[in-house]
Structure formats: structure tokens, C-alpha cells
Amino acid sequence: MTSPRDDDRFDWQAAEADLTIGPDAEVVDLAAARRRKPDARSFAVDLDDEADDLDDDVPPPVDPPAVSEPSGMAAVLAGRSAMRRPIVPPWLRSRSELVTAGRWALSHVAHVSLYHLTRIPKYAARLTWRAPFGIARLIGATVRWATDAEGIPVRLAAVRREDAELYLKLSRQRDARVRWRGMVVAAVLLLGLPTVAVLAVLAGSWQRWLMLAAAVAVFGLAGSPKDKPLLDVAAVTPRARRLSADVVTRAFLAAGLCKPDDPITFPMPIMRDGPGWRAVVDLPFGVTADKAVKRRTDLAAGLDLDEVQVWPERVRGTAGSARRLSLWVADEDPYAKSSGLWPLIDKGTVDIFAPFPFGEDQRGRAVPLLLMFTSLLVGAIPRMGKTFAARLPVLAAALDASVELHIYDGKGGQDWRAFERIAHRAGFGVRDDVVAALVDDLRTLVADMNRRYDTIATLPPDLCPESKVTRQIADKRSLKLWPVLVAIDEFQRYSGHPEHGKEIVELLTELCKVGPSVGIIILLATQKPDGKAVPTDLRDNIGTRFALKTMTWQSSEAVLGAGSYPAGYDSSRFQRAHKGVGILLGADDSGAVEEAVTVRTKFAKTEHVEKVIARAYALREAAGTLTGYAVGQAPETVGGPADTLLDDILTVVPAAEPKVWSETVVARLAELRPEVYGGWEPAQLAAALKPYRVPVGRQVWGTDPATGKGANRKGIHRDDITTAVTERDRKRKAG
Ligand SMILES: Nc1ncnc2c1ncn2[C@@H]1O[C@H](COP(=O)(O)OP(=O)(O)OP(=O)(O)O)[C@@H](O)[C@H]1O
């Protein structure tokens, strides 16, 4: 680090004060003034309070451990105390960091020990091979020592210079040395060898093996080449980049985000932050922090690191600016390690109106998720953790006994089976009856959504101030406004269903659009994130999106929404090893996520899911909220229009009226069962009649009661309904 030259540094505070003191104030040309600034590593602007404490003449150091150039005794002393290192290291003061460090040390020692233990045969073979070389090396070294070989060059030099006196002196010294060294070698050989021989004869067999092993080890070690150590490397230390002002400036220059004559500046020192370094950077005027976020890969190249270690983020709020960027550089791939088990597996309950644990960001900070008043879309290619991620919110909802769960899994495997015990509705696979049940369920929910709105409209403002469900309202069971979570995994299998796919998408779009404020939450997960599996209209009504690894940036956009890629969010850049890692976009601010964050989800395997479900079952049993599928009840007829629709139509369309407009039919149905048919449009009636093969596009002559005029409009023939009823009853009998 270098500190700026003091003579020509620009005083920004004074300039800012000048700009604000009134009409007499001298107008300062900021751009010109900025160009006068000495170099990229200086402090340019003191924007936060801390900076006020700093001596205007002595900018604090930017590079972490280096010393600034002091001026005056006070600055010298201040500088020295600023360099004081904490007596107790910060990691020893934090319990969680201490635990993490302890765990790491234990696992490291265990790993290294196991690694070397399994390689003992290899090391033994290596020593045996090297032992003869070691013997030769030892003999050579002994001979050289005994013959005073190290003195040869000096004696030869004396000979070359024909210095007889020096030569005689050296020869005498050499003779004396060789004499006593020869005696030492002879003594060792005469005493040592017989002793070893006697010991070998007297020793038992295992002691002999031990002696042989020791000899092989000693000679093998002596014969080891310097560049080939005996032990293999058990753990490779990753390349950690220590940030300094020079390194950061070079990266921003290389990424084209500043110029040598208009460089970046540092409003605060570069410092350690968790397992990495953090530099706060002010880009040149007119260059936005958003632009730098988009150039993450270029910055990584400028820092000579993998982009997974480089995390540029905007600094927002009063301490921020549109050109202020926080650059966090991880010591190693932050997603190479697991983010740990979901903390609610063994204990704890959830209030669905509050955020619950979901994952961790790159710095290991918790990222909670708030499900209430939003919908969630999870997309990824297969085997990247989509199901694991989608299950966490459902597990959280399960631990709030008031939440009614509707679970569907297009794959029909084991992933979601455990939820059967507590689900109000559940369906697995894409058999016709499952898809029909899903359609029924969604229709019921759409109808119920209208009832919910009606109920909320009748509530007094003190109980319902924002016209949406609250915890208090949800707990009043008589109002039937408890939260409902519909979770559909492998959604592409339902949305692509040839007969019902379109209606499923339409109904879900409706639920995502208006359901959240009355407590209906939709969660969709798909391994085929594209406009066909999740149509744009549906996706755009889903407030929270989580994209794990995708194949292309287009698929990433299909999950995160149009514009996410140009904004710098691209889940196709994750590596295959990054399981459970995704970009989380649009989580509510009370969920502590303001913008997109990269999250590694917490981990919960099937056995953990079962544990949570067992606890959720007990909670629900105690609260009396086990309903529907969980207690073996068939779908309620009131919520299953498909079951009674035909009979209801025959009720509202008497035999005297052979042909009726669809709009008349839905109006009468709504009167008959407002809780089921309230809000139905003719299109919904048509969709509901489709499975019974009732022709619905027929033109029917009728009279408009409002105008008294006759007209041709879309409607139904009563005979078609009677035929459908006969057919249905026949099938039921046969079934
Ligand atoms: N947070 C995580 N941390 C570590 N590993 C994870 C995490 N989440 C998922 N995995 C691993 O990823 C594997 C695949 O996860 P998952 O079954 O959720 O994938 P998927 O995308 O649903 O696959 P498919 O589409 O085939 O069902 C799991 O076996 C699990 O071990």
C-alpha cells in the first residue's frame, strides 16, 4: 500500500460544504477537482460518521496491515495504536467461530491421519526402495567426512598458488583430522556392528522385524530425494487472494470499470470479513455499481480468481451511492462446503407469517425466507437440489399447525411421500385420476379464494386493517382463513398434460395473482424451466424465485424472470458440484433479502423429512388441524365441483329449458352454491365440463333479461348434460 501525497490531496468535505453553504459559495467543479486527486488508493470522500473522526490530513490506510505515512507525533501515535492487534483474537471471542474452528481442526486432523494411515503400505514400499540409496548415501558421507573431503578445494587452491607454507599447514591439519576421524569410524564399526549382530541374534522374531523396520525407515529416509518427500500431501491449501488497493485497482482497470487517470477510490480500509476480504470501492463518477456487478467475471479475471470467489454488491442506503460497491473476495470456493442441516429438524416450530431458516449466503450468513403473501418458483436441471430446496418451505409450513398442505409430485417417487400423513390433499404421479384430482383441488381453491375475499371484506378494520390475512385472523378457525400451501413438484408434468395442462396453468395463475393476500401460497418446482413448462404469465405472478443450476442463461431467465441475466444473475454459471446452490430473487424484505442473493440451502434428507413430519403430525393432532387426505377423508363435495357439477346444472336448468346460455348457467350455479361457483365465468364452466365431453361451444338462442332482446350466445344443451350424467353413473357402477 502507498499513501497519497499530502500536498495535493483534494478535501472533499470542504468541497461538499462549499456546495451547500449558499448563494455566495464558490462553485466547485467536482470533476476537475477529482482529477486533481493523487492516486487510486487515497480516500476521496468521507461519507460516513466514522470518517469524521479521521484526521483530514492523514488518510487512514487502505491496505489492511501496512502502515500509513505519519505526519506529526499525534498521527504517529494514532497510527501505532491503530496497528495494535487484539489481545484475544476475534475468532476466540465468538462462540460460533470458536466452535467452527474447533470442528475444522478436529476434522482436519482426522482427515490427515486417516489419509496417511491408509497409505502406510505405500510409504513402506517407498522406504524399502529408497533404503539402498540411503545406505550408499550414508557410506559416501562417512567416507567424505573421514577423509576430510571438504578441505580438498582449499588445499588444491594452495597448490595452484604454489603457497608451500599454507599447503603444509593445511596438510598437517588434514592428517590430524583424518587420524582422529578414522579412529572414530573404526570404533563405531568395531563396536557398533558386533553389538547390532549380537542384538539381532538375541532378539525375538518380532524384535528382529522391528529392528529391520527401523533400519529400513532410517536408510529409506536418508535415501529420500529432497524434492520427493516420503508422505503424500493430504490437504492442499487453496490459493487465497489477499486484497490490497493495488490488486483491486488493477482488477477494476482490467475490467474496464475505471481508467488510470480516473481511478477507483476507497472510502474505507480494506478489511477481513468472515472467510474473506472486503473492499468498499467508489467507482468514478458516472460509472454505476450495477455495471460492476454485471462485470463480475471480468473482475474475477482481473483478480486472477474463479468468479465463485468474487462477490461485488451495491452499497445501498445512506452510506451507499449508485457508484459505491462492496467487493467481497472469498478465501476459497464458498460453496465447496455444505451449509449444514436444517436447524428445525429436531426441535422448534414455525410461524408461517415470519421468516424461517432456508440457507446461507456466500459469507455463511443465514438467509431466511418468508413464504406468506408470495408464491415460490424453484427451477433447476435434474439432480441439483431442486426437490431438497422445495421441501424446506413445505417442512416449515408443516411445523405451523394452522397451514393446510396440498402436496403434488409429478414424479411420484419417494421424495414427497412422507407428507401424506399431514396433507389435506395429496397426489403422486400423473395418472388421470391424480391430474383430475389436482384440477378439482385448484378449482375448489379458486372458488374458496373468492369466499375468502368476501369473508375478509366483512371483517372490522381493527381486526383486518390491511385487507389481508394476519396471524390473528388465521387463528380464528371459524373464519376458515387459515393459510393454504399448494406445493407441486415436477410441475412440468402437470402443466404439459394434454387434457388438463392449460386449465391447471390458468387456475394457478389466478391463485398466484390474487391468492397470496388471502393466505393461499403456491410453490412450484420444475426441472424444465422454460416458457412452455411455466408460462410467462404464471411465472410473472410468482413473487419469489429460486434458480439452482440451469443449462443455459435462457433457462435461468425462465425462472428468475426477464432482465435477470443482463442484471448479472445467471444460474447456468454454477458448477455441477454446487448442489443446493441457487439465486434467490424477490424474497420479501422482512425475509432479509432485498435483492437477489446466492444461497446454499440447508440440508434435509428423507430421514430428516420424516422426523419433521412426525413432529408436525403431533402438532397438528394436538391442534386438531389434521384434515382431508391425512385422515382418510375424500375431497369434500362442497369443494369438488366436478363431482356435483352435472347434477347442479340439472338442478338450475329445468327440463322446460332445453338450451341455456352459459352465462345464465354460471349465474344460477353461483346462486345455488356461492362457496363453490361464486365468481365463475363461462370459460371456467366450459373447462369444468370438458372432462365429461359435454359440447360447450354451441350457439344457443335466448333472451337477455336486461334488455328483453333475443340473441345467439355460447351455451349448453340440457340433453348433453343428461347424457353425461347417464355415462358417469354407468362408469361408477362398472367401477
Ligand atoms: N443443500 C444441499 N447441500 C448439499 N447437497 C445437496 C443439497 N441439496 C441437495 N443436495 C444433493 O443433491 C442431490 C440431488 O438433489 P434433489 O433430489 O433435490 O435434486 P433434484 O433437482 O430434485 O433432482 P430430480 O429433478 O432428479 O428430482 C441430493 O441427493 C442431495 O444429496
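The model is predicted, so local features need pLDDT of at least 70 and side-chain atom pairs count only at pLDDT 80 or more, while totals for chains, interfaces and linings use all residues. Residues are numbered from 1 along each chain as its sequence is written. The protein has 26 helices and 17 strands, where helices (H or I, at least four residues) and strands (E, at least two) are DSSP runs numbered from the N terminus. Of its 735 residues, 35% count as buried; a residue is buried if 20 or more other C-beta atoms lie within 10 Å of its own, exposed if 12 or fewer, and partly exposed in between, with C-beta atoms placed from the backbone. Among contacts with a separation of 6 or more, 67% are between residues 24 or more positions apart, a contact being two residues whose C-beta atoms, placed from the backbone, lie within 7 Å.

**Annotated binding site**

- An unreviewed UniProt entry carries the annotation "binding site" for Ala-380, Ile-381, Pro-382, Arg-383, Met-384, Gly-385, Lys-386 and Thr-387; such annotations may be inferred rather than shown by experiment.
- Met-384 belongs to the loop between β7 (376–379) and α14, and Met-384 is buried because 23 other C-beta atoms lie within 10 Å.
- Beyond residues up to four places away in sequence, Met-384 touches Leu-548, Lys-549 and Lys-579.
- Lys-386 is part of helix α14 and counts as buried, with 28 C-beta neighbours inside 10 Å.
- Apart from neighbours within four places in sequence, Lys-386 contacts Val-378, Ala-380, Ala-525, Gln-527 and Leu-548.

**Ala-525 in strand β11**

- Ala-525, a contact of Lys-386, lies in strand β11 (residues 520–526) and is buried, with 27 C-beta neighbours inside 10 Å.
- Not counting residues up to four places away in sequence, Ala-525 touches Val-378, Lys-386, Thr-387, Ala-390, Asp-489 and Phe-491.
- The C-alpha atoms of Ala-525 and Glu-490 are 5.7 Å apart, although 35 residues separate the two along the chain.

**Helix α20**

- Six of the eight residues of helix α20 (residues 553–560) are buried, so the helix is largely enclosed by the rest of the structure.
- These buried residues are Ser-555, Ser-556, Glu-557, Ala-558, Val-559 and Leu-560, and their cover includes β7, β12 (544–547) and β13 (581–585).
- Gly-561 follows α20 and has a positive phi, near 110°.

**Helix packing**

- Helix α14 (residues 386–398) packs with helix α21 (residues 606–623) at an angle of about 25°, the axes being 9 Å apart; axes are lines fitted to C-alpha atoms, for helices over the stretch in contact, and angles run from 0 to 180 degrees between N-to-C directions.
- Helix α14 is therefore roughly parallel to α21 (angles under 35 degrees are roughly parallel, over 145 roughly antiparallel, 65 to 115 roughly perpendicular and the rest oblique).
- Arg-391, Leu-395 and Ala-398 of α14 meet Val-609, Val-612, Ile-613 and Ala-616 of α21.
- This contact of α14 with α21 has six nonpolar, no polar and one charged residue (Ala, Val, Leu, Ile, Met, Phe, Trp, Tyr, Cys and Pro count as nonpolar, Asp, Glu, Lys and Arg as charged, and the others, Gly among them, as polar).
- The axes of helix α7 (residues 120–146) and helix α10 (residues 205–222) come within 6 Å and cross at roughly 70°, which means that α7 is roughly perpendicular to α10.
- The contact of α7 with α10 has nine nonpolar, three polar and two charged residues.
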